[in-house]
Amino acid sequence: MERRRAAIVAAGVAIALGLAAAGCESGSGDEGGGSDAVSFDANVSGALSAWAFDNADDVGQARIDYAAQQLQGVSIKMDQTGFDAQKFTARLAGGDVPDVVQMDREYVPTYAAQGLILPLEKCFTAHNVDPKQRWYPNVVGDVTYKSQVWAVPQFYQPPAIILNTTVMDAAGVKPEDIDTSKPDVLLAAVQKMYKASGGVPAVLGFNPQATGQTYLWFISQGGKLVGDSGAPTLDDPSNVYPLELLKRIVDAQGGFAKYKSFTDAFDTFGDNNQFVKNQVGAEVDAQWYPNVLSPYKDKIKIGAVPFKGKDGQPVTVAYGGSFVIPAKAKNLSAACKWVLALTDDGSWDAAATARAATIAKEKSINTGLFTGSPGPDKAIRDKYVKPSGNAGFDQVISTYYDVVATGKSAGASPAGQQLKQELTNAITAALLGQKPPQKALADAQTATMNAYRSIAGS
Amino acid sequence: MEALKARKYNRREAIAGYLFISPWIAGFLIFTLGAMIYSLAISFSHFNLATNKMRPGGLDNYRALLDDPRVAGSLKNTLFFAVLAVPLEVMLALFLAILLNRVGRGAGFFRTVYYLPKMTPAVATASVFLLLLNGNTGAINSALRSIGVEGPQWLVDPAWVRPSIVLMALWGVSGTMVIFLAALKNVPRDLYEVASLDGAGPVRQFFTITLPMISGAVFFNVIILTIAAFQVFDQAYLLFWRDQTNVAPESSLFYAVYLFQQAFRQFNFGFAAAMAWLLFVILLILTAIQVRIGNRFVYYEGER
């Protein structure tokens, strides 16, 4: 009797397994439509669903309103929850596919490699848009995979080095000493400004943002992270120098563990931020950070210098946002027209007008908008960015505008997320002294290649 | 005739019983057993949920488990966590339960206060612990410094990363504490009175009366906490793996975190399913060993 019952259970499990497998196999034919069959019409109608438009500020809302006006007759439904890779996967699997998804540019090649989103050449053609004209080349490069553009990019907020004049003057350091192309000069300046208290840092001479600006350090200092095909190249010999340079900078300031704990405790967005409290002499910051500092303009004295590459020339590397159209989107034409409207000159003008109104209300400083497109960037600077009465802030703003066109793309890899994580892990291991830089990078390359193979299927 | 009546009654009673638990049975079959069988099927395939593509993979994923050093590495990290966290959590929970059991006035208030951490969302707890565990300015190291001890760099030094996650896990000890408290309430008072008359002190009473009488609760908690420890995800993910710019030493890569990365970052669902089944088998074996050993020490009322 017992044996018979066991046999029945075993048979049941086998049948269930078979059914489960059969169910999946039947699903295997249900793939995203091929991009060849896709067409985008300039005339649009119907309903449009968009996802991941969370935290729309004055700039975002002005652009959304403007784009809606360009799509009269289309009903736009927006999901304002944030993008989440797990949720996106589940939505695609469940057939709940939005027409437009907003995501970081780093994610784009991952979904492109799997055919989950559409290449947009036909969309650009339908609306006479030349991506290389509308956006900076490096910005388009971030979303170009296998010679096709897979997303409509937005924003390029370049990094530069903000100087804390108070700390630098006290230590006798000049702006030209903060030069990332001259490590010995830079390290001498760092040592003049660095102070420790109780064995832990009290003032950093230079905060390199070792794990927050990884791409900047590697690409600017001659490294190569992604090959032409999108395969990771973390073990390229050119990546050793940037890592060794970072280690020298961090070791000169208490070592990585203490440096990291010190910077983690910064009140970055608050009244006691690292510039107000004079905790840094100089720091690598993205273009948005002067906005954070502007309420404290009377408490701080700042300036800025460009981040320089190994060749001594200014260089910037940064990602930003983008809009993608999933392969199974229902209203492709409306999606295409809408995302292009969100990034056209009129949209950015509306955004800049809204921002100017906000700034006037808050009596703050207009640091400009860095849209990812050269035309709107210049137009907004000419129209809205005026002398603020604070020479230091004006020089900082000017520096960011000076370097915005010097951008380089770190490359587009289907394993982009894993690459960033593994690169951060390699930096951590090398800076902590757990592994020599070569070994840390080689281990990171092995792990990233595994991810690349499983995502790209090569 | 009487026997027939009794059988009929038993059957009717059994049917009623099954009907009462039928919602649970339906839920178990669909959401637990069904999902398990599906994941077993996936583990023998190369399956991408996002594209819904599946091709047979045979034992590929199970072979890959052996080839991928991170599977063994993450298991080692998880085992380290379990070995450290389970005994500490049991001891701390028991200690707190004994304290609460002795409180007379305001017992309800103290029980509520001690249970509050369990109600705190993991994200909020992680945010607080990021501050507490800061190696330079955190409250824990500041306290250690005040007694002349230089604390470690909890969140950066690879040697201290796993203990920092254990500390955060201990924050939620009150769930275990409540079970112990209920068990302590069931220990007959007269046993202590008799022991006192015989001259047994508090320590002797604890080891000869309290511990044997609550051994069932201890056994239950050890098994549940062991299973939970092997599935630990929230704490490690929130402290170290929440985005790609986080400093995440390899020692913080726990098994469930790696499984999540494989499934939802690399879309490697077949491999992730194989990982899940490996964990299931490990837990099955561990639980069997614990039950075998535990049965020797656990006191079941009415059995002996």
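What percentage of the 458 residues of chain A count as buried? Here are my notes.

1. The figure is 51% of the 458 residues in chain A. A residue is buried when 20 or more other C-beta atoms, placed from the backbone, lie within 10 Å of its own.

2. A word on what you're looking at: this is a predicted model, where local features need pLDDT of at least 70, side-chain atom pairs count only at pLDDT 80 or more, and totals for chains, interfaces and linings use all residues. Residues are numbered from 1 along each chain as its sequence is written, while chains are lettered from A and ligands numbered from 1 in the order in which they are written.

3. Chain A has 19 helices and 12 strands; these are DSSP runs (helices: H or I, at least four residues; strands: E, at least two), numbered from the N terminus.

4. On overall dimensions, the C-alpha trace of chain A spans about 85 × 60 × 40 Å along its principal axes.

5. Take the contacts in chain A with a separation of 6 or more: 78% of them come from residues 24 or more positions apart. Contact here means C-beta atoms, placed from the backbone, within 7 Å.

6. Now the domains, whose bounds come from an automatic or database domain assignment. In chain A, domain 1 is 36–156 + 320–355 and domain 2 is 159–317 + 415–456. The contact takes 7 residues from domain 1 of chain A and 6 residues from domain 2 of chain A. Helix H4 (residues 108–113) of chain A gives the most to the domain 1 side, with 3 residues.

Notes: Buried ≥ 20, exposed ≤ 12 C-beta atoms within 10 Å, placed from the backbone. Contact = placed C-beta atoms within 7 Å.
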